[in-house]
Amino acid sequence: MALSDHIYKILVVAFVWIVGTIITYYGVRSEQYQNLTLSVYQPKSWIFGVVWSFIYLSYLYVWTKMPADNTLFVLFNLNMALNLLWTVLFFYGFQFNASFIVIILLALVTLVQVWYIYTLQIPESGLYLFLMLIYFSWLCVASILNYNFIAL
């Protein structure tokens with residue numbers, strides 16, 4: 001894999017991570033967010049930073065280890081685009097219905113990625129699949145928390 005491919009992947013993940021972090025930071029400090037009734041299952045705020053940092057680093061690791069493949073390229077980029085779109089809709093626009101639809105799509109794209117990586121039968125894919133399933137699990141948690149704001 002060419003160095004430019006790795007640089008592109010690092011830049012995409014870093015961009016989504018940094019922009020998402022900034023939007024989230026200001027979103028949770030906004031008056032609108034502060035007035036929301038959070039779920040009793042809402043983790044402490046510091047947990048989100050730790051978990052998302054692990055997820056972005058894991059995601060970058062998996063993406064850089066995958067073979068050059070157009071389908072994987074599209075899936076990984078689509079995942080990052082949906083990830084950022086969810087953050088913008090949820091923390092900037094407070095569009096909880098739309099963000100819920102996006103996070104469900106994001107979870108589905110992640111499952112398709114897991115399935116596709118599995119079908120490639122890459123010798124080291126066990127670790128990659130495990131990391132992607134952790135990501136999917138966190139998306140399920142985030143979906144439930146997102147749904148809480150729709151159900152209110």
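Predicted model: local features only at pLDDT ≥ 70, side-chain atom pairs only at ≥ 80, totals over all residues.
Me: What makes the contact between H1 and H3, and how does it divide by class?
Reply: On the H1 side you will find His6, Tyr8, Lys9, Ile10, Val12, Val13, Val16 and Trp17. They meet residues of H3 including Ser53, Tyr56, Leu57 and Trp63. By class, this contact has 11 nonpolar, three polar and one charged residues. Lys counts as charged, and Lys9 is among the H1 residues listed.

Me: Why are H1 and H4 described as roughly parallel?
Reply: Their axes cross at roughly 10°. The cut-off for roughly parallel is under 35 degrees, and the two helices are therefore roughly parallel to each other. The H1 and H4 axes come within 9 Å, with a left-handed crossing.

Me: Which residues make the contact of H1 with H4, and how do they divide by class?
Reply: H1 brings residues including Phe15, Val19, Gly20, Ile23 and Val28, while H4 (70-92) brings Phe73, Met80, Leu84 and Phe91 among others. The contact divides into 14 nonpolar, six polar and no charged residues. Gly counts as polar here, so Gly20 and Gly27 of H1 go into the polar class.

Me: What makes up the lining of the largest pocket?
Reply: There are 32 lining residues, and Thr24, Val28, Ser45, Phe48 and Phe91 lie nearest the centre. A lining residue must have an atom within 4 Å of a pocket point. The pocket holds about 730 Å³ of space.

Me: Which helices supply the lining, and which gives the largest share?
Reply: H1, helix H2 (31-34), H3, H4, helix H5 (96-120) and helix H6 (125-151) each supply at least two residues. The largest share, seven residues, comes from H1.

Me: How does the lining of the largest pocket divide by class?
Reply: The lining has 20 nonpolar, 11 polar and one charged residues. Val and Phe count as nonpolar, so Val28, Phe48 and Phe91, among those nearest the centre, belong to the nonpolar class.

Note on methods: Residues numbered from 1 in each chain as written. Heavy atoms only, no water. Contact = heavy atoms within 4.5 Å. Helix = DSSP H or I, 4+ residues; strand = E, 2+ residues; numbered from the N terminus. 1 Å grid on protein atoms, 1.4 Å probe; cavity = no way out; pocket = protein on both sides within 12 Å on 5 of 7 lines; lining within 4 Å. Points joined across faces, edges and corners; volume = space filled by probe spheres on them. Axes fitted to C-alpha atoms, helices over the stretch in contact; angles between N-to-C directions. Parallel < 35°, antiparallel > 145°, perpendicular 65-115°, else oblique. Left-handed = near helix turned anticlockwise from the far one by under 90°.
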